[in-house]
Amino acid sequence: QRRSARQVKTKVQNYHAHLVPLMVHIHRRNFSAEHKWTKAQLLAVTPKKIMNFLKIRIYDDADVDPDVTLPKRYRSNTIKSWKKAWSFFMINKMLNWDEVTKRGNPTCCTEINALIGSMIKMEVA
């Protein structure tokens, strides 16, 4: 059988493609599809910055209350897949986020999980 001319992306390439928009939002500059993330760039990712990005992408409003507002774009499974992709690149990906020390994996914080939970409630309501 002949292989398709279309190149198949690896898991890492797919995950990287999901991380680029978040990093553009956080760092306020463009990154290439082949960019190699520095430790400093990855450590700049915090739950607050992720929440800001998600609320703008999902609701068009960074100050929205997800418990009372229907998402305008995206479903919870999409956000879960983004979270998984972002987590793949985090420095301390095996540690849950610690609010006191501000260390660990920022994608594993209670705020982001609560946002996804709110989206799920809205989807099944």
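Trainee: Which ground rules apply here?
Mentor: In this predicted model, local features need pLDDT of at least 70 and side-chain atom pairs count only at pLDDT 80 or more, while totals for chains, interfaces and linings use all residues. Residues are numbered from 1 along each chain as its sequence is written, and side-chain values use heavy atoms, leaving out hydrogens and water.

Trainee: Are H4 and H5 roughly parallel or roughly antiparallel?
Mentor: The axes of H4 (residues 76-89) and H5 (residues 110-124) come within 9 Å and cross at roughly 160°. Angles under 35 degrees count as roughly parallel, over 145 as roughly antiparallel, 65 to 115 as roughly perpendicular and the rest as oblique. H4 and H5 are therefore roughly antiparallel.

Trainee: How many residues of the contact of H4 with H5 are nonpolar?
Mentor: Contact means heavy atoms within 4.5 Å. On the H4 side are Ser76, Ile79, Lys80 and Lys83, and they meet Ile112, Asn113, Ile116, Met119, Ile120 and Glu123 in H5. By class, three of these residues are charged, two polar and five nonpolar.

Trainee: Is arginine 75, which meets glutamate 123 in a salt bridge, buried or exposed?
Mentor: A salt bridge needs a side-chain nitrogen of Lys or Arg within 4 Å of a carboxyl oxygen of Asp or Glu, and this pair lies at 3.8 Å, N to O. Arginine 75 is in the loop between H3 and H4 and glutamate 123 in helix H5, so the bridge ties together parts 48 residues apart in sequence. Buried means under 20% relative accessible area, exposed over 50% and partly exposed in between (1.4 Å probe, protein chains only). With a relative accessible area of 52%, arginine 75 is exposed.

Technical notes: Axes fitted to C-alpha atoms, helices over the stretch in contact; angles between N-to-C directions. Helix = DSSP H or I, 4+ residues; strand = E, 2+ residues; numbered from the N terminus. Nonpolar A, V, L, I, M, F, W, Y, C, P; charged D, E, K, R; others polar.
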